[in-house]
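Please open the structure in your viewer and keep the selection tool at hand. This tour moves from one pair of side chains to the next.

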Amino acid sequence: MDFDKRYDHYRAIAENSILTACGRFSHVEETLAKACIYSLTAGGKRLRPVLFLSVLDAFGCLDEKYYPLAAALEFIHTSSLVHDDLPALDNDDMRRGMPSAHKKFGEAFAVISGDALLNAAYELCFNLLCDDGSVGVRRACRYISVAAGAGGMLGGQGYDLDEEKKTDSEEYLLKTDLLKTSALIRAAIVSAGLIADKSIDETEVFGDKLGLMFQFVDDLLDATGDSFVVGKTLGKDSEEGKITAVSVYGIDGLSEKITVLKNECLEYIDAVFDIDNRPFFKELVERLARRSF
Ligand code: GRG
């Protein structure tokens, strides 16, 4: 199967699982339900669920009973975007080419819809744990919860916000990005591996490298991209004097770093996946490095 067909296959599973999981909002307060569904159905690449499903598939474990975890990963990601766009954080008016949640529903509903999405992600995990309490599923759910929390994505956001301790150093940048962005991308890969009985060590470094490359490309796009194509306001990082991979490495230096990370990802793919699955993951890495989908 060629790359696009295979990506679209996983993406369709992810979309269906997200829509099914949205059913839980049919009996809740109307504006809150609308705000949750608006943010979840606004588009996006569905990268985290696609990674989860494709890694499960590569390890011979793609089964519909695990689909709710694909939705859970997207719910966590979406909740972080809703909160990240708030005036108290990044103050972004546009997300995925549409008004951000607080622009559409007001700040208060953006806050509680972000909370509701995060909570719903754990409902999905607990439902699966009740139906299938296998060791792999238990470990996967635990891994996802740690990766999303203060020791992972939220902690990275904390470093990103901590103006007093921020320095324009590579060490600070890596510490922040490996948590803020890599943690959830890594969790999508590692949790699928855990379900397939792989150890954390077998997949974790690939997840870290991919997540870091992803954030570096995001920083580069913020400095050089087209806001219509990217679907959000660009150029804010440098306007606000933010510490990003561009401020640390410069545009040319960052492009080189992205190439190094890309090559490291390609090497890890040879170590992690069998020969039939390597082309899909390699193409995914190439496209993410160019952000060409
Ligand atoms: C409430 C769970 C929760 C978290 C709040 C704000 C915050 C803590 C964390 C911020 C994490 C964050 C937004 C990191 C940036 C990651 C990033 C580059 C997002 C863009 O991801 P894409 O390109 O977006 O996959 P699409 O729209 O394609 O899904």
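Which residue does the side chain of Arg287 meet in a salt bridge? Select Arg287 together with Glu283, and you will find their side chains joined at 2.8 Å, N to O, where a salt bridge is a side-chain nitrogen of Lys or Arg within 4 Å of a carboxyl oxygen of Asp or Glu. This is a predicted model, in which local features need pLDDT of at least 70 and side-chain atom pairs count only at pLDDT 80 or more, while totals for chains, interfaces and linings use all residues. Residues are numbered from 1 along each chain as its sequence is written, and side-chain values use heavy atoms, leaving out hydrogens and water.

Both partners belong to helix H15 (residues 278–290), and because they are 4 residues apart there, about one helical turn separates Arg287 from Glu283; helices (H or I, at least four residues) and strands (E, at least two) are DSSP runs, numbered from the N terminus. Arg287 is buried at 15% relative accessible area, whereas Glu283 is partly exposed at 26%; buried means under 20%, exposed over 50%, and partly exposed in between (1.4 Å probe, protein chains only).

Next, select Arg95 and Asp85, whose side chains form a salt bridge of 2.8 Å, N to O. Arg95 lies in strand E1 (residues 94–95) and Asp85 in the loop between helix H4 (67–84) and E1, so this pair ties together parts 10 residues apart in sequence. Arg95 is buried, with 16% relative accessible area, and Asp85 is buried too, at 2%.

Finally, select Asp270 and Arg278, which meet in a salt bridge at 3.9 Å, N to O.
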